Amino acid sequence: MLSFAERLVLFNQYEILKKLDPEKTSLYERHQEVVEKGLESLYGDLGISKTTVSEETAEEVTNILEMFQAIKKSSKGTSNNIADKTKFVGFGPNQPSEHFTYADFLSRVLKFPQEISKSADNRPELQLEKYRRMLKRWDEIGRKRTLSTDQIAHLVA
C-alpha cells in the first residue's frame with residue numbers, strides 16, 4: 001500500500017514529531033514501528049483515513065446541504081406539516097462513507113450549518129436516494145434560494 005520511500009518519509013516525520021512533542025513519544029514510536037514494518041492492517045491507527053472524497057461526492061453533499069438551507073430559510077412560518085417533512089436527517093454511517101465524512105467535515109471544521117433530525121425514525125442510510133430526487137426537483141425550479149410553500153412541497157413530494 002505505501003511504498004518504501006513513503007514509509008521512510010513517514011518514519012522520519014514521526015522522528016521529528018517526537019522531538020517537537022515529547023509527551024507523545026510513545027505514540028510516535030508505535031506509529032514508527034507500524035510504518036517501519038509495513039503493518040498495513042494497522043495503518044488506520046496512524047490517524048489517516050483510507051476514505052477519500054471525490055469532487056463529485058463533495059459537490060453532491062454541498063448541493064444537498066445548500067438545498068436544505070434554502071428549504072429551512074423558506075419554510076419559516078409555514079405549517080408544521082411541511083416543516084416536519086423538510087427536516088434534514090443527515091448522512092449516516094450506512095451510506096457511502098465519503099458522504100458522511102465530507103458532511104461531517106463541513107459541519108465541524110467549516111461550521112457549515114447542518115441540523116440533523118434526532119427523531120426516532122431517523123434512518124439516514126435510507127435518505128441519499130431521496131436527497132438525489134429532491135436535488136433533481138430543485139434543479140427543475142432553478143435552484144432558487146427562496147422557495148414558495150408549493151415549491152417546498154414539490155421538493156419533498
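Visitor: Why is Arg132 called partly exposed?

Guide: This is a predicted model, in which local features need pLDDT of at least 70 and side-chain atom pairs count only at pLDDT 80 or more, while totals for chains, interfaces and linings use all residues. Residues are numbered from 1 along each chain as its sequence is written, and side-chain values use heavy atoms, with hydrogens and water left out. Buried means under 20% relative accessible area, exposed over 50%, and partly exposed in between (1.4 Å probe, protein chains only). Arg132 has a relative accessible area of 27%, and is therefore partly exposed.

Visitor: Is Glu60 buried or exposed, and why?

Guide: Glu60 is buried, because its relative accessible area is 16%.

Visitor: What is the salt-bridge partner of Glu129, and how far apart are the closest N and O atoms?

Guide: Glu129 forms a salt bridge with Arg132, and the closest N and O atoms are 2.8 Å apart. The two residues are 3 apart in helix α6, so about one helical turn separates them. Glu129 has 47% relative accessibility and therefore counts as partly exposed.

Visitor: How do you know that the length of helix α5 agrees with its number of residues?

Guide: The expected span of a helix is 1.5 Å times one less than its number of residues. Helix α5 (residues 97–108) has 12 residues and should span 16 Å; its end C-alpha atoms are 16 Å apart, so the values agree.

Visitor: Which residues of α5 are buried, and why are they said to lie on the same side?

Guide: They are His99, Ala103 and Leu106. These residues cover an arc of only 60° around the axis, which puts them on the same side of α5; the arc is that of the directions from the helix axis to the C-beta atoms. Among the elements that cover them are α3 (55–74) and α6 (128–140), where contact means heavy atoms within 4.5 Å.

Technical notes: Helix = DSSP H or I, 4+ residues; strand = E, 2+ residues; numbered from the N terminus. Salt bridge = Lys/Arg side-chain N within 4 Å of Asp/Glu carboxyl O.
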